[in-house]
Amino acid sequence: MLKRASGGVTLREVFMQSRIMLAGIAVAIATASSVAYCKTAEPSIAPLSMQLTRSGETLLNGHKAQAAIDQFETALAVDPRNTRAYIGIARSYDRLGLPGRAVKFYREALAIDPNDLTALSEQGEAYMARGAVALAKDNLERIRKLCQSECQNAVTLAAAIEKGPPATVTAAAEKPAPKIN
């Protein structure tokens, strides 16, 4: 039979209580380490802002970039911390052929979350569209540091850098400046 410890409790009961306490401690440690591992805590975005962002994404997928921009801007009026709305505006300007404006809105998203891999990657692609290869390479380096291994965002941006800037940008850079007499 099991011997009773002090207070009328068996050794088996003491052992079970110890296991329960150890399990609780293990859960607490796991929770603390997962919170410490998370680099940025995503702020909770107002539901209406997220709804407007989804509406803007639908419009953008339907090739209605200007209407999408209006939706994204309304989403930002509701909640200015909505990085998806900034990225949506940037994508809209990319679709309109305005990579300079796109870069600005990717920068806004990165001001909120400097580790947003989507914003870094797509901003790098917009830099390439403008011929800013060095800036695109800086973004690629940041992405690789954040991923700590090859990730899809790094692969996509590396391919854009490898492809090089568009011919129109390259031709404009090679065109000699006009002579002023």
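Reader: Which helix holds Glu122?
Author: The model is predicted: local features need pLDDT of at least 70, side-chain atom pairs count only at pLDDT 80 or more, and totals for chains, interfaces and linings use all residues. Residues are numbered from 1 along each chain as its sequence is written, and side-chain values use heavy atoms, with hydrogens and water left out. Helices (H or I, at least four residues) and strands (E, at least two) are DSSP runs numbered from the N terminus. On that numbering, the place of Glu122 is in helix 6.

Reader: Is Glu122 buried or exposed?
Author: Buried means under 20% relative accessible area, exposed over 50%, and partly exposed in between, with a 1.4 Å probe and protein chains only. Glu122 has 17% relative accessibility, so Glu122 counts as buried.

Reader: Which residues does Glu122 touch, leaving out those up to four places away in sequence?
Author: Contact means heavy atoms within 4.5 Å. With residues up to four places away in sequence not counted, the partners of Glu122 are Ile87, Arg91 and Tyr106.

Reader: How are helix 4 and helix 5 oriented to each other?
Author: Axes are lines fitted to C-alpha atoms, for helices over the stretch in contact, and angles run from 0 to 180 degrees between N-to-C directions. Helix 4 and helix 5 pack at about 170 degrees, with axes 7 Å apart. Angles under 35 degrees count as roughly parallel, over 145 as roughly antiparallel, 65 to 115 as roughly perpendicular and the rest as oblique. The two helices are therefore roughly antiparallel.

Reader: Which residues have the most contacts inside the largest nonpolar core?
Author: A nonpolar core is a set of buried Ala, Val, Leu, Ile, Met, Phe, Trp, Tyr and Cys residues joined through side-chain atoms within 4.5 Å. The largest one has 33 residues. Elements giving two or more residues to this core include helix 2 (47-61) and helix 8 (152-163). Those with the most contacts inside the core are Tyr106 and Ile143.
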